[in-house]
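Please work through each task before reading its solution.

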Amino acid sequence: MSSVLNAINLRKYFRITTGLLGGRKYVRAVDGVTLDLREGEVLALVGESGSGKSTLGRILVGLQRPDEGEVLYRGINIYSSGNSVSKKLRHRIQAVFQNPDSSLNPRMQIYDILKEAVLTRNPSLSDREVIEEIIKLLRSVGLVEDHIFKYPHELSGGEKQRIAIARALAVAPEVLIADEVVSALDISVRAQVMNVLMDVKEKYKLSMVFITHDMGLVWSISDRVAVMYLGKLVELGPTEEIFKEPLHPYTKMLLVSSPAAASATASKDLRFKARGEPPSPINPPKGCKFITRCPIAGSECSITEPELMEISRDRMVSCLKVLKI
Amino acid sequence: MGEKVLEVISLRVYYDLPQGTVRAVDDVSLDVRRREVIGIAGESGSGKSTLALAITGLLRPPAKVVSGKVLFNGVDILRLSEDELRRIRGRKIGVIFQDPNTYLNPIYTSGFQVAEVFEAHRGIHAKKYLNEVVKLFRLVKIADPERRVYAYPHQLSGGMKQRVLISMAIAERPDLIVADEPTSALDVTIQSEIMDLLAEIREETNTSIVMITHDLALLFEVADRVAIMYAGKLVELGRASDLIKDPLHPYTKALLSILRYERKKKLTSIPGSIPSLINPPPGCRFHPRCPYAFSKCSKIEPKAVDIEGRLVACHLVGGSE
Amino acid sequence: MEDELILRKVEEARKKRLKEMWSVFKNNRMAYLASYVLVAMYLMALVGIFITPYDPYDFDLSRARQAPSLSHPLGTDELGRDILSRIIAGAKYTLGISLMSVTIGALIGVMLGLISGYMGGLVDTVIQRAVDVALAFPTILLAIALIAALGQGVVSLIIAIAVSTFPVYARLVRGSVLQVINEDYIAVVKLLGKDPWYIMFKHVLPNITSPIIVQSTYYMGLAILLTSSLGFLGLGAPPPTPEWGSMIGSGRVYLFSSPHIVVSPGIFILVTALACNLVGDGLRDTLDPKSRMFIRRV
C-alpha cells in the first residue's frame, strides 16, 4: 500500500509572551512527529487536550506551516511554494472541523456555500449545472434539496456538519482530515454523521485522518491508531493490535479511562487507572514527558527521552520500559 | 439505602417564550435514596438541565413550575422563599456545575472562593476558614493543598478547577450533591479521575449524588440507578446493571446499541431528530423514531409503569392507561 | 425540484431574512420614529433649496431680529433673514458635511482595520501605532488644527472630521476581524485556495457589518455636533452659508435679547443628533444576534 501523505519530523512551537520582561517561552505543540497516511485507510489520531493533535491536523491539511519538517503529498512537498499550499495540490487535501456553529458562514445560504466550493473546482459551470452538482452533494450526505435555501442558523448541528462534509467533497479531495467532527453532537446524531462520513469515504475512495479523543469511535472505524501525548507520538500501529495489547502506559491509561472502549479491549489493567496531572506544556519535565503520571516509570525515564521505535512489524512505541524487553 | 432524600413528584416545568411554550420537563417523577448515586441521562432537549435547576431551586423566569413538587427531606423546595432556599443550598444540597471556568471567579483565589461557602453559612470572615479549606482540598486530592489555596483559577488545570468546585459542593457535608455535567469539559483521563473521586466521596460520607450528563457510558461506570430522559419525559428508570443487560424502552435500547461500538460495522443510528419541545409529537414523544411503534403510540401517551423495580413508559412494555 | 424554482426560492429566502430584520427594527418604537425623522431631515437637505418660503440669503436690516410670527414662523435673524428658510437651506450643509465625512472616515477606517486585523504582524503593528497617535489628539483640537492648516471651507471641514473618525473604525473593525478569522469557515475557504483579498471582502467583511453600521449611525450624530461646533466657532463654512452651527455662532450675541435666533437651529441640531443615536440603538438591537436568541439549554 502506498502512502498518500507523509509527515516527516514535524515541529511547531508557539511562542508565549509572559509579561513585559518575561523571556521567550514556547509551547511545543508538535514536537517531532513522523507518520504516514496510507491509501484508503482511516488513521485515528488520538490524544487529549494539549496533545497537539489538532495542530498536527492543521499542518497536515496545509493551514499551518510547520517550523521544521515536511508534509509530502504523494512525494510532493505541500509547503514548497511560499506560505500556502500550491494551487494544484490545494483541493486534494480537505478538512472538516469540530464546531458546527463555526463551520458555515452565517451570512451565506447553503446554496452560496456549496456553489462557491463547486465553482472552485470547475469555474465554467452554468447555473443549472451548479445546482445539479449541489443536489448530488446533498444527497451523498443524506440531505434533501430543501436545505439549499436555508441559512446555517436554521439547521441542526448534525445537518451543519453534513453540509461541511458535502463542501469538502465538492472539490474532489483524496485526503480528508476530520478533526473531532462529531464531538459536539448528541449521541444519536453522532451515529448518523459517522455513518455518512464512512459512506462518503467508501464512495469517494478517500484516505482519512480521524482526529478524536473517543476510543469507541476509534475501535469502530479506524485501521490504524496514532497516539499523541504532549506533542509527541507515543504509539502507532494497527487498531486491533493496539486495543488487544496496548504497549505504551499512556495508551493503556486511555483505554482504561474510556468507558466506550470497554467492549473492545481485553481486560482492564487497573494499574493504569488515570492519575496525576499532565505537566505544564511550557515547562515539561526532563526525560519522558509522561513521567508525572506513569505507574511504571523508572529512574532512567527522568534522564533519557524515549524515541519512537519499531518494536514489531508495523508497530511503533516510544517508551524505555517497553523497548527494553 | 432506602430512605428517600429527594422526591420529584409529577413535575412540569415550562418556559414561556415568544415562539411558544417549551414543555421542558413534562410530568417527571423520580426519587433519590440515601447514599445512592443516581444518573440522569439524556441528549439535548431532553429536559435534564431544567430538571437539575428545579432540584437545586435555581429556576428563573421565563421558566415556570406548572405543577408538581420537589420534596427534599419532606419539604417542597419549589414553594420555599429565596431566604429559606439559600439556607438549604450549599448546606444541605451541594451543586457541581459543568464548566469550572464559568463558575470560578477569576479575580479571587480558589481558597477564598471555597471559604466563602463557610462564610455564607456560618458567618465570620472567609479568611478564618483557610485551614478547613486546606483539609477539603486534601480530601478532593488536590496536590500541595497548602500552596494551592492561594492559587488563582487561571493557575490551575481543568481537572484541579473541577476539584475546587467539588470541594465547594461538599464543604458543608450536604445530604445531596447535584452534579450537572461535571466532567463534560474535561479530558477523558481526568474525567475518569473525577468520577473515582465522586465514588470515594459517596463511600466516605452519607451523601446521595444526582449526576446529570449526556454521556451515558460514563453513568454505567458509577451510578447505582440510571434514569433516561427524552423530550421532557422520563422514559426509563432502573438499576444500572439491569438496564445495561436488559434495556426495556426502545430509546434506551437504541442508545445502548449505539454505544456498543462494533468493529467496522455501521453504527446503529436512530432515524429522525430530537423533537421540538414547543410542539412535541402526540402520544409517545419517541414514536416518530421508534422501530416498534404501532397505532396506539401516536395517540396515547404511555404512563410510567413499575416492572420489578424498573420504571418504563412504553406501550409495548406492561400495560398502559 | 426545477432549477429555476430553486433559484427563485433562494432569492425569496434572502428577501425574507431582510424583511424579518426590518420587522424586528420596527418593534423598537423610538428607533422607528427616529428613522422617519432622519429621512425627513435628509429629504429637506436634498430638496430644501426649492421649498424655502423666502430667499435664505436675502437680508434686510429693517426686518432684523423679529420674533416668530405668522409671516416668519421662526422669526428673523440679526440680518433680517428668515430663519426657517435658512434652516431648510442649511440642512444640506450640516447633514451633507457630516454624512460625507463619516462615509470617508468609515471607508478609510474599515480598510485599515480589515488589513490590520487580517494580515497581522508588522502591518498590524504599524497601522495600530498610527491609530494610537491619531486617537491621542482631542477631536476638536485636531479638527481645528487641520482647518487652520487647510484653510476654511466645506472641504476642509469634511477632511477634518473624517480624520477624527477613522481611528475608531480601524480599532473597531480590527477587533471584529480578529474574532471572525478564528472561525472555521474562514479556514475552510483557505482550503479552497482563495487569496486573502477574496476572503477579506467576501467572508470577513459581511460578518462584521453590524458593529460598523451601528458605529456609523452614532458617528453621524457626533459628526453633526462636531460640524455645528466648528461652525459655531466660526471655523466652518464661511458666512453667509446657513449652516446650523454658524447660525448659532453669529446669533450668540443676541442670546438674551432675541433668543429665537439661537434656539431654532439648536433644536434642529439636537433633534437630528438624537434621531441618529436612537436609530443607532435600534440597529444595534436588531443586528446584535445576542438579543435575538436566548434560551439555549432546556
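**Exercise 1.** Determine where A:Glu180 lies in chain A and whether A:Glu180 is buried, partly exposed or exposed.

*Solution.* Step 1: A:Glu180 lies in the loop between strand 7 (175-179) and helix 7 (187-203) of chain A; helices (H or I, at least four residues) and strands (E, at least two) are DSSP runs, numbered from the N terminus. Step 2: although A:Glu180 is not a glycine, its phi is positive, about 50°. Step 3: 19 other C-beta atoms are within 10 Å, so A:Glu180 is partly exposed. The classes are buried (20 or more other C-beta atoms within 10 Å of the residue's own), exposed (12 or fewer) and partly exposed (in between), with C-beta atoms placed from the backbone.

This is a predicted model, in which local features need pLDDT of at least 70, side-chain atom pairs count only at pLDDT 80 or more, and totals for chains, interfaces and linings use all residues. Residues are numbered from 1 along each chain as its sequence is written, while chains are lettered from A and ligands numbered from 1 in the order in which they are written.

**Exercise 2.** Assign B:Arg173 to its loop and to an exposure class.

*Solution.* Step 1: the loop between helix 7 (158-170) and strand 7 (176-180) of chain B contains B:Arg173. Step 2: its phi is positive, near 45°. Step 3: B:Arg173 counts as exposed because it has 11 C-beta neighbours inside 10 Å.

**Exercise 3.** Identify the bridge partner of B:Asp16 in strand 2 of chain B.

*Solution.* Step 1: strand 1 (residues 4-17) and strand 2 (residues 20-33) of chain B pair in the antiparallel sense over ten bridges; pairing requires that DSSP finds at least two bridges between two strands. Step 2: the partner of B:Asp16 is B:Thr21.
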